[in-house]
Amino acid sequence: MASYTVNYTETEDKAMQYAAASVDDWIQNAAHERARIAIDEIVTLAVQKFLEAGQSIPGSKDEIVAAAFANGWVKTAAQRNEEALASQPTP
């Protein structure tokens, strides 16, 4: 399981306390919801790829996401950004 740390200034912390009853719960919810959306996007793309290839579709979303990365059907945002920068002409 991955773990991340968020560092706030004192002002940002006060602002988050104003905006949320529990800052930690708010952060956890936002991160989990974004991950859920990404999983659904990857599963949709991967299922189409499995069907096009005539391959059986794994039985869980975890397995489908892992296969999508292993097959190169999806890349991390960092990889996509790196490729985009590399493809730009140099001045």
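## Largest pocket

The lining of the largest pocket consists of six nonpolar, four polar and one charged residue. This is a predicted model. The space in the largest pocket comes to about 470 Å³. Its lining is made up of Met1, Ala2, Ser3, Tyr4, Thr5, Val6, Asp24, Ile27, Gln28, Ala31 and His32.

## Second largest pocket

The second largest pocket holds about 310 Å³ of space. The residues that line this pocket are Ala31, His32, Arg34, Ala35, Arg36, Ala38, Ile39, Ile42, Asp62, Val65 and Ala66. Two or more of the lining residues come from each of H2 and H3. With eight residues, H2 is the element that gives the most to this lining.

## Aromatic pair

The model contains one aromatic pair. Phe50 and Trp73 form this pair in an edge-to-face arrangement, with 4.9 Å from centre to centre and 90° between the planes. Phe50 belongs to helix H2 (residues 23-53), while Trp73 sits in the loop between helix H3 (61-70) and helix H4 (77-87), so the pair ties together parts that are 23 residues apart in sequence.

The partners are listed here with their accessibility. Phe50 has a relative accessibility of 4% and counts as buried, because the cut-off for buried is under 20%. Trp73, at 22% relative accessibility, counts as partly exposed.

## Surroundings of Ile64

Ile64 is located in helix H3. Its relative accessible area is 6%, so Ile64 is buried. Leaving aside residues up to four places away in sequence, Ile64 touches Val43, Ala46, Val47, Phe50, Ile57 and Pro58. One of these contacts, Phe50, is also a member of the aromatic pair with Trp73.

Ile64 and Lys75 are eleven residues apart along the chain, and their C-alpha atoms are separated by 14 Å.

## Confidence

The average pLDDT of the chain is 96, and 100% of the residues score at least 70. Confidence in the chain is highest in H3, at a mean of 98, and lowest in H4, at 95. H3 is the helix that holds Ile64, and H3 is also among the elements that give two or more residues to the lining of the second largest pocket.

Definitions and conventions: Residues numbered from 1 in each chain as written. Predicted model: local features only at pLDDT ≥ 70, side-chain atom pairs only at ≥ 80, totals over all residues. Heavy atoms only, no water. Phe/Tyr/Trp six-rings, centres within 6.5 Å; stacked < 30°, edge-to-face > 60°. Helix = DSSP H or I, 4+ residues; strand = E, 2+ residues; numbered from the N terminus. Buried < 20%, exposed > 50% of the residue type's maximum accessible area, 1.4 Å probe, protein only. 1 Å grid on protein atoms, 1.4 Å probe; cavity = no way out; pocket = protein on both sides within 12 Å on 5 of 7 lines; lining within 4 Å. Points joined across faces, edges and corners; volume = space filled by probe spheres on them. Nonpolar A, V, L, I, M, F, W, Y, C, P; charged D, E, K, R; others polar. pLDDT = per-residue confidence, 0-100. Contact = heavy atoms within 4.5 Å.
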